[in-house]
Amino acid sequence: MTARLHRELSVGEVATRSGLAISAIHFYEAKGLIRSRRNAGNQRRFSRDVLRRVAIIKVAQRTGISLAEIRDAFDTLPSSHAPTAADWRRLSASWRQALDERITRLTRLRDQLDHCIGCGCLSMDDCPLRNPEDELAEEGTGPRLLDPD
């Protein structure tokens with residue numbers, strides 16, 4: 001049993017265990033999020049810690065964290081073993097502020113969705129209710145009231 005736990009995984013096994021397509025595993029590897037080695041037959045072999053890394057990628061993506069941000073976070077982790085619970089706490093804490101800001105923006109969008117969409121978008125030059133005389137145009141393009149960033 002111990003030997004089985006330490007054995008490396010093929011790309012198909014990683015895909016099956018993680019619930020992802022093989023192409024997604026290849027994509028994550030190409031983006032530098034996970035690593036494999038090639039065996040004598042030139043086949044990819046993954047250490048078992050890749051399963052935890054893929055799980056973190058999936059959770060982070062669900063919250064809207066970009067792959068670039070995930071890769072940057074992974075670069076702070078040791079590559080010699082699976083991320084630990086302490087590693088996860090540190091990573092998730094670093095993403096918390098961005099997630100809170102995203103929630104605030106989405107809440108504002110939801111709450112204002114049935115009103116004027118925020119002037120500056122959809123070629124609206126003037127909205128007498130929300131943006132008299134197109135004052136928000138000076139702040140930039142896009143829906144300035146909904147997404148001021």
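Reader: What makes Ile 34, Arg 35, Ser 36, Arg 44 and Phe 46 contacts of Glu 29?

Author: Contact means heavy atoms within 4.5 Å. In this predicted model, Glu 29 touches those residues, leaving aside residues up to four places away in sequence. Glu 29 itself sits in helix 3, residues 22-30.

Reader: Why is Glu 29 called buried?

Author: The cut-off for buried is under 20% relative accessible area. Glu 29 has 19%, so it counts as buried. Across the chain, buried residues make up 31% of the 149 residues.

Reader: Which residues meet where helix 4 packs on helix 5, and what makes 6 of them nonpolar?

Author: From helix 4 you get Arg 53, Ile 56, Ile 57, Ala 60 and Gln 61, and they meet Leu 67, Ile 70 and Phe 74 of helix 5. Ala, Leu, Ile and Phe are among the types that count as nonpolar, so Ile 56, Ile 57, Ala 60, Leu 67, Ile 70 and Phe 74 go in that class. Arg counts as charged, which puts Arg 53 there, and Gln 61 falls to polar. The tally is 6 nonpolar, 1 polar and 1 charged.

Reader: And helix 2 against helix 4: why is that pair oblique?

Author: Helix 2 (residues 11-18) packs on helix 4 at about 50°, with the axes 10 Å apart. Roughly parallel would take an angle under 35 degrees, and roughly perpendicular starts at 65. About 50° lies between those limits, so helix 2 is oblique to helix 4. Helix 2 passes helix 4 in a right-handed crossing.

Reader: What makes 2 of the residues in the contact of helix 2 with helix 4 charged?

Author: Val 14, Arg 17 and Ser 18 in helix 2 meet Val 50, Leu 51, Val 54 and Lys 58 in helix 4. Lys and Arg both count as charged, so Arg 17 and Lys 58 are the 2 charged residues. The contact also has 4 nonpolar residues and 1 polar residue.

Conventions. Residues are numbered from 1 along each chain as its sequence is written. This is a predicted model: local features need pLDDT of at least 70, side-chain atom pairs count only at pLDDT 80 or more; totals for chains, interfaces and linings use all residues. Side-chain values use heavy atoms; hydrogens and water are left out. Buried means under 20% relative accessible area, exposed over 50%, partly exposed in between (1.4 Å probe, protein chains only). Helices (H or I, at least four residues) and strands (E, at least two) are DSSP runs, numbered from the N terminus. Axes are lines fitted to C-alpha atoms, for helices over the stretch in contact, and angles run from 0 to 180 degrees between N-to-C directions. Angles under 35 degrees count as roughly parallel, over 145 as roughly antiparallel, 65 to 115 as roughly perpendicular and the rest as oblique. A crossing is left-handed if the near helix is turned anticlockwise from the far one by less than a right angle, and right-handed if clockwise.
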